[in-house]
Amino acid sequence: MDSFTLTPPRASRRRRDRPRRFGVVDLGSNSVRLVVFEGASRNPLTVFNEKAVLGLGRGLQQTGRLNEAAIAPAITVLARYAAIAAAMDADPVEILATAAARDAENGPDFIAAIKARLPDIPIHILSGTEEGALSADGVLLGFSGADGVLGDLGGGSLELVELDRGQPRGIESLPLGAIRLADRAGADPVKARAIVEADLARVPWLKRGEGRDLYLVGGAWRALARIHMMQTSYPLSIVHHYVITREEARDLAGVVAQANRKALERMPGAPAKRLQDMPFAAVVLRRLLRATGARRVVFSANGLREGWYARLLPPGLREEDPLLAAGRDLAARFGRDTDLAPALRAWTDTLFPAETPDAALLREAACWIADIGSHDHPDYRGEHAFYRVLRQPGVGVDHHQRAFLALVVALRYETGNDAPFLAAARALLDAAAVKQAEILGAALRLAFTLSGGTPTLLGGTELRRVGGELRLVLREGSGVFAGESVQRRLDALAAATGLPATVEVTAA
């Protein structure tokens with residue numbers, strides 16, 4: 001599908017006491033950004049992320065050349081990024097140049113100037129197809145089964161990729177980046193509509209998006225998401241995995257496309273540096289909704305840079321379930337015993353006899369993160385663990401999953417149901433999900449009380465459903481007994497499930 005290959009790492013200079021780091025510079029038509037990732041994980045961990053908005057591609061449509069006023073600042077910024085990456089021991093470090101550099105008449109001279117200033121940093125001028133393929137890899141790192149159409153909107157181009165249940169298919173690159181579209185339309189959003197419609201009509205497979213999802217990548221579209229989140233008082237300030245309906249997206253795009261600068265300035269969440277581009281990003285979104293017939297819009301913070309990172313991962317790692325991988329990562333960093341999670345999963349099976357495969361996966365993830373507050377101050381374990389999960393960097397964890405897992409882990413630490421900080425999670429869950437979280441949280445609290453957080457002691461107990469009651473079975477000589485705290489937490493589990501509970505002691 002594409003010919004882009006990664007540069008092999010140089011001889012290792014990194015410190016042995018921390019994971020390897022990887023640095024990528026996205027040299028775009030509007031902004032230049034350095035991201036440094038740490039470690040090889042199904043869920044990328046970003047340890048540095050800095051952007052400079054320079055507008056290299058502004059005026060390209062009229063002049064055929066890069067914005068002369070931005071060239072020297074861009075080289076200065078790239079030199080800074082190279083110094084940062086070197087100081088952080090990132091290896092490899094690469095520059096990925098997109099639409100402006102590949103299309104401009106003076107693009108080769110600009111690239112030559114970068115190479116002269118930074119001779120040790122590889123630069124790849126991506127074709128539109130390569131750019132789309134990398135964006136698809138990045139989106140699939142966060143949405144492993146993505147199905148629909150991906151749109152990656154930059155300053156100079158719009159990359160479109162058909163995603164078929166986690167597999168990229170056709171790729172198209174169109175000159176519809178927010179900056180270029182504004183130039184083509186003479187800064188007139190009304191004229192921009194006809195331009196976008198004509199360009200999208202050249203992509204016949206877009207109509208296969210009907211009834212599927214539209215995945216949006218790019219800073220201007222993420223800004224639209226933030227505006228909508230502020231307007232609706234959304235309880236979680238994370239754009240990645242934010243989902244809105246087709247109608248909501250259409251209305252939002254319509255308002256922004258028609259707004260003048262003063263109106264945009266008054267919109268909460270509107271970015272000052274992107275105001276002049278926002279109406280054109282909105283025009284593209286609205287025309288894309290019409291061309292695809294998508295049922296909803298899903299915003300992704302993953303794109304080109306994460307796709308570059310994904311290609312550094314071993315194939316087996318990329319194929320891991322992202323939700324379970326996020327749970328295992330948290331357990332490894334903050335828990336006490338990574339052997340405990342499988343035991344907790346088996347121990348709680350009896351409580352959920354009719355759960356769906358997705359619910360079972362979510363419960364397994366909850367078992368992985370159930371001990372991540374073990375090193376925190378005991379008075380704040382519930383709250384710290386709650387926010388650690390709700391705001392985790394796991395790119396494959398959607399907002400419902402974050403809320404469910406955060407509520408479970410808070411309740412596992414016996415946080416009161418009326419704790420104010422739980423409101424954010426409860427607002428993202430329906431009543432049935434809240435009930436499941438309450439049952440699982442109570443069960444995990446009982447399991448830790450019995451086991452001390454060790455699979456060995458948990459193995460001396462069993463939770464059974466016998467007829468219409470719960471039965472806690474304790475084996476003599478295993479180090480567990482039905483003391484007051486065990487009985488109290490068993491009663492709490494009984495109240496959560498609505499089933500009476502008894503204790504049975506058996507011979508070893």
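These are my notebook entries on a predicted model.

**Entry 1: domains**

I began with the domain assignment of the chain. It gives domain 1 (21–125), domain 2 (129–303) and domain 3 (321–506). I then looked up how domain 1 stands to domain 3. Their C-alpha centres lie 45 Å apart. The contact takes 5 residues from domain 1 and 8 residues from domain 3.

**Entry 2: the sheet of 6 strands**

Next I traced an open sheet of 6 strands. I read its order as β8-β7-β6-β9-β11-β10, and the pairing is mixed. Which strands stand at the edges? I found β8 (167–174) and β10 (243–245), each of which pairs on one side only. From one strand to the next, the twist averages 20°.

Strand β11 (residues 296–299) is joined to β10 by 3 bridges, and the two run antiparallel. Within this sheet I noted Val 243 opposite Val 298 in β11.

Then I looked for helices on the sheet. Helix α8 (residues 219–231) packs on it. I listed its contacts: α8 touches β6 (148–153), β7 (158–164), β9 (213–217), β10 and β11. The direction of α8 makes about 105° with that of β6. Helix α9 (residues 246–258) lies across β10 and β11. I read its angle to β10 as about 90°.

**Entry 3: α8 against α9**

Both helices touch β10 and β11, and I checked how they meet each other. The axes of α8 and α9 come within 11 Å and cross at roughly 105°. An angle from 65 to 115 degrees counts as roughly perpendicular, so α8 and α9 are roughly perpendicular to each other. From α8, the contact uses Leu 224, Ile 227, His 228 and Gln 231. From α9, it uses Glu 248, Leu 252 and Val 256. I sorted the residues of this contact into 4 nonpolar, 2 polar and 1 charged.

**Entry 4: α15 against α16**

I moved on to helix α15 (residues 340–347) and helix α16 (residues 357–369). Their axes come within 8 Å and cross at roughly 135°. That angle makes α15 and α16 oblique to each other. The crossing is right-handed. On the α15 side I wrote down Ala 341, Pro 342, Leu 344 and Arg 345. On the α16 side I wrote down Ala 360, Arg 363, Glu 364, Cys 367 and Trp 368. What kinds of residue make up the contact of α15 with α16? I have 6 nonpolar, no polar and 3 charged.

**Entry 5: α17 against α18**

The next pair is helix α17 (residues 381–390) and helix α18 (residues 399–412). Their axes come within 8 Å and cross at roughly 165°. Angles over 145 degrees count as roughly antiparallel, so α17 and α18 are roughly antiparallel to each other. I logged the passage of α17 by α18 as a right-handed crossing.

From α17 the contact takes Gly 382, Ala 385, Phe 386, Val 389 and Leu 390. They meet Arg 402, Ala 403, Leu 405, Ala 406, Leu 407, Val 409 and Ala 410 in α18. The tally for this contact is 10 nonpolar, 1 polar and 1 charged.

**Entry 6: the sheet of 3 strands**

I then turned to an open sheet of 3 strands. Its order is β12-β13-β14, again with mixed pairing. At the edges I found β12 (461–466) and β14 (501–506). Each has a single partner strand, so one side of each is left without a neighbour in the sheet. Neighbouring strands here are turned by 25° against each other on average, direction ignored.

Strand β13 (residues 469–475) pairs with β14 in the parallel sense, over 6 bridges. I noted Leu 474 opposite Val 505 in β14. Helix α22 (residues 484–497) packs on this sheet and touches β12, β13 and β14. Its direction makes about 135° with that of β14.

**Entry 7: backbone details**

Last, I looked at two places in the backbone. Which residues does a cis peptide bond join? I found Asp 91 and Pro 92, with omega at about 5°. Pro 92 sits in strand β4 (residues 90–97).

The other place is Arg 165, in the loop between β7 and β8. Arg 165 has a positive phi of about 50°, although it is not a glycine.

Note on methods:
Residues numbered from 1 in each chain as written. Predicted model: local features only at pLDDT ≥ 70, side-chain atom pairs only at ≥ 80, totals over all residues. Heavy atoms only, no water. Pairing = 2+ DSSP bridges. Helix = DSSP H or I, 4+ residues; strand = E, 2+ residues; numbered from the N terminus. Axes fitted to C-alpha atoms, helices over the stretch in contact; angles between N-to-C directions. Contact = heavy atoms within 4.5 Å. Parallel < 35°, antiparallel > 145°, perpendicular 65-115°, else oblique. Left-handed = near helix turned anticlockwise from the far one by under 90°. Nonpolar A, V, L, I, M, F, W, Y, C, P; charged D, E, K, R; others polar. Domains from an automatic or database assignment.
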